[in-house]
Amino acid sequence: MAKTTSRKKKPATSQAGESATNGTAAANGTAVRKSRRRSDAKSMAANQKEISVSEFFAKNRHLLGFDNPRKALLTTVKEAVDNSLDACEEAGILPEIWVHIQQTGNGRYKVGIQDNGPGILKKQIPLIFGKLLYGSKFHRLRQSRGQQGIGISAAGMYGVQTTGKPVKIISKVSPRKPAHYYEIQIDTKKNEPKILNGRGDGVDIPPGEKGAKVIEKHGIEWVDQRHGTRVTIELEAKFVRGRGSVDEYLQQTAIANPHITLHYVDPEDYEYEYNRSADVLPPEPKEIKPHPYGVEVGRLAQMIEESDPMSISEFLRSKFSRVTPAVARKLCEGAKVKPRVGVRKLDRTHADAIFQAIQTTKISPPATDCICPIGEDLILKGLHQVVPGEFYAAATRPPSVYRGNPFQIEVGLAYGGSAPTQNVTMDLLIELLEETDTRTVRQFLIHTFNGLGGEGADKIVKAAALKTRQAPSGLKPKERERLFDAMKNINVAEGQQMEVMRYANRVPLQFQQAACAVTQTVVGTNWRGYGLSQSRGALPKGPVSIMVHIASVWVPFTSESKEAIASYPEIQKEIRLGLQAVGRKLGMFLRRRMKVRQQSDRREIFMRYLKEVSGAVSSINGVGQDDLYEELLKVAKKVTADADMKLDDRGRPIEEDPKELDLGDNVLIVDPAEHEAAINRVEKVDEGEEEEYEEE
Amino acid sequence: MAKKRPVRPTANKAPVKLSTRDKKTLSSITGLADGVVKAAKGRRDPYVDIPSRTLSNVRYSARKRIIEMGNSKNRRQLFDLSQAKAYMRTMLVASGCKQLIDQGKTTSLRGMFYMLKHTIEKTKENTFDDQNECDTIIEDVEVLLDSIREELHLYAENRGAMVGNITVIDRGDTIDCSRMGSGGYAIPSIVEPEVIQLDRKKCDAKFILHVEKGTVWQRFNEDRFWETHNCILTHGAGQPPRGVRRLLHRMHNELKLPVYCVLDNDPWGYYIYSVLKQGSINLAFESQRMAIPDAKYLGLRSIDFDRCDLSDSVKISLSDSDKKRAKQIAKYPWFEKKRPWQTEIQRMLKNDFKLEVESLISKDISYVTEVYVPERLEAQDWLD
């Protein structure tokens, strides 16, 4: 008890002084005793140990996009599909992907993703799927979807953690060789794979008939292919539709990758097929060396430290792109370092000086042939295939450079098409109404149908004569019908917002829209000049979809979760120029259409008033009303001669064929009447289903 | 086509006897219609040139001391997308007026609106959607045909009242304005000689006192001000309508009575005075018949707050738009060169408050009729 009292008396001294000065403690004599310390360096050291990367990410799974069950599902599919596409493209195979999501229990889903890629060597399989930070993409500067080598193994780890079920992998390298089948768990302590089947060695499935039987016996799914990989993960998840959903991700992926074929079966057994519209693989991206402008001082110092022995001048020339002997000499001069001096003799201060010299020396921009854009043609094809509309335009900007990293911007635009609300079938609407967790019909409409906006939802609710606060789940059949009719009949295009699809290296970005440089630039561009209405600081309105793709060897994301692109001025400028290029074409298209419409409108207005005028005049001076009308009609025809040209012999206005419009290349105009497949897809139940989700 | 038949008012059941003025108006309406037929025959675009009723097209005649309309005109074409509808409406109004004249009847502006309002054949569009659209077209037709509203057999709602030592004949009825009780004689919208006859012999009044609104007028009437001072008392319910202005003009000119105005001390009051004296921009074409360049401004003045020793509570502070308006009015050419008016307006701006005539009630209920106005008249203290 005495000790406690004394502690109370002198709290300031004992606590503040303790760790800093042992002397004070000693001087205080017995009042503050050594035993008061809770622990000492020695005992603490016993608890200090290495944290394995897998343990870290198991605890911090939100960093990798596993914040909630809904996002976990998306991230899992996304990582697997991205890996498959990267593998196929690297091997030069036209990708074909199968995605199958099944519900296995309450809040549990089994996700299977298969590709027709080159397959994986037996000994590599456990490492790739069962070890975090194992991959081929991290150490090279080259355009690819994945970057770290963390995604798929993290997905597997999440699955194991939440359901206890192992990750199942089948991989086949050649039709004659056996396929390998593994069931893996990641050992989070060691960040090592643990193979469960075949006594820790995996199982080989023989090719041909025999193999098929084995597969059937194990209850594994496998679409028979000459080669390829299938990964199956069971995880705790939530399947939803709408924004940020798997549906949306796959649709957007199909747009940006017109060379892939995608088969998708969702948990409700709807099948979706995205067929490739291009039979050519994108050119293989080249790997490049870093450009001096893109290197930070710490990284430079590290490179110098790790380098093999060589002269500094040689080091600069060989480790960086665009450093010619002349440039190397200039850099050394600027840093006051002799060009012949060996790298081993340089220290941090030298590295700092060289770094400063780099900033002040003019170095030609990096080669940009290492980037492979989608290409205007394929963007048009991709958009046309997936987004209904009547006008498509695309623009690929020439490559540019930010902070020494080459990048390239591509923009695609689709205009027109019916609103997502108009594409729904009654059955689907009922389903949607059942599965939604929104409280009111208005909310349901806004959340389910992207781009609809509050205004459009209000219009629909009003037209359906529903109460504002009515719950979507409690609708009576009659009310449902009214809602359905209202959705079909209301033209929501006026209040509809532009939909912005963002891509980085062909991967759709679905979250943090507002933080992204793309969205900010779209908002900052003046669309009014291009015939769209736009409020200040908001996305333009109208039935428009915009896709913006940034291809780069290193895409600058705002955070590790790879959800938004950072706002470098160089990038924003390129995006703006791209948007303006497609915007101009849209403007021309809309203006032309408006003009044709105006001419016939004009004629109509005159006709409308002529009767009134001739009636009034006749009542004043008694001339024959019909005679005067005829006369005036002749004048009207003369005056509106140009509109006249566009009237057919029955006097009906003909919409001028907009295809005659010369908009230059990279524009696709579709007659909306003939484009039913794109607009009213829902009628083809299997295929169309997701469209209206994705569109939203 | 278009064989012109002679206009036959006989088409109506009861033939109406047309006055010479009506005949003149009719012929200009017919001229308008003939123009359309002629243009149509010549395959030309029919149009009408309407003198423009805007500030840019009025000027102040220093000699006549009234606002006059300039010569600029706006062309209204049938085959112009933005004007087609207005053109059609112009023709409709013209035909409507023709109908009224033919039948010898008059109607209100609102009546005309209903007469012409209908849905255009095969559309959902109305010829007119609200009365304002119709009213402006009527004013257009007035200037276009150079005939005033009365000649088109149109009238507005009665507004304004009169009492005093005068007897007028209104549509044959003799009206003794000194025996009008508390309500007064409602000044009709049309006060042309065909309707109202004035007689010098039947007027004892020596001057006209025009006040801004009914409430003040009521005060003067109740105190029998017109009796004690032998005058005519009128009000125009704010901005005086055409009927009131025209009647004041006629009494001023035909009976040689001076006109004095008692208005609020605010930009609005100044403007009412300006309209009475010089005419308005919108109706500049009627200034000749309505403006009274000799009208005098008796009060309230911006010095009255101090002069009459009013209490602070009656102040109403000036709004931003008041200040803006006051500065605008100070720049009107007919005020610009008058030192007293400039001092008056500057003083009000300096005061930074306005005064209503009713504020004098704070002194005494009848202060305005028993002290204020008699004193001003006595001292001949007014602004011109």
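Biologist: In the hairpin of S8(B) and S9(B), which residue takes a positive phi?
Modeller: That's B:Arg171, with phi near 50 degrees. Bear in mind this is a predicted model.

Biologist: How many residues sit between the strands there?
Modeller: Two residues lie between S8(B) and S9(B). S8 covers residues 167-170 of chain B and S9 covers residues 173-176.

Biologist: And do those strands run parallel or antiparallel, and how many bridges join them?
Modeller: Antiparallel, with four bridges joining S8(B) to S9(B).

Biologist: OK, switching to helices. At what angle do H2(B) and H3(B) cross?
Modeller: Roughly 110 degrees, and their axes come within 10 Å. H2 is residues 84-103 of chain B, and H3 is residues 109-116. Angles of 65 to 115 degrees count as roughly perpendicular, so that's what we call H2(B) and H3(B).

Biologist: Left-handed or right-handed crossing?
Modeller: The crossing of H2(B) and H3(B) is right-handed.

Biologist: Which residues meet there?
Modeller: From H2(B) you've got B:Leu92, B:Val93, B:Gly96, B:Cys97, B:Gln99 and B:Leu100. On the H3(B) side they meet B:Met112, B:Met115 and B:Leu116. By class, the contact of H2(B) with H3(B) has seven nonpolar residues, two polar and no charged ones.

Biologist: Where does UniProt place the "active site" feature?
Modeller: The UniProt record, an unreviewed entry, puts it at B:Tyr114.

Biologist: Which helix holds B:Tyr114?
Modeller: B:Tyr114 is in helix H3 of chain B, the one that crosses H2(B) at roughly 110 degrees.

Notes: Residues are numbered from 1 along each chain as its sequence is written. Chains are lettered from A and ligands numbered from 1 in the order in which they are written. This is a predicted model: local features need pLDDT of at least 70, side-chain atom pairs count only at pLDDT 80 or more; totals for chains, interfaces and linings use all residues. Side-chain values use heavy atoms; hydrogens and water are left out. Axes are lines fitted to C-alpha atoms, for helices over the stretch in contact, and angles run from 0 to 180 degrees between N-to-C directions. Angles under 35 degrees count as roughly parallel, over 145 as roughly antiparallel, 65 to 115 as roughly perpendicular and the rest as oblique. A crossing is left-handed if the near helix is turned anticlockwise from the far one by less than a right angle, and right-handed if clockwise. Contact means heavy atoms within 4.5 Å. Ala, Val, Leu, Ile, Met, Phe, Trp, Tyr, Cys and Pro count as nonpolar, Asp, Glu, Lys and Arg as charged, and the others, Gly among them, as polar. Two strands pair if DSSP finds at least two bridges between them. UniProt positions are given in the numbering used here, feature names are shortened, and annotations may be inferred rather than shown by experiment.
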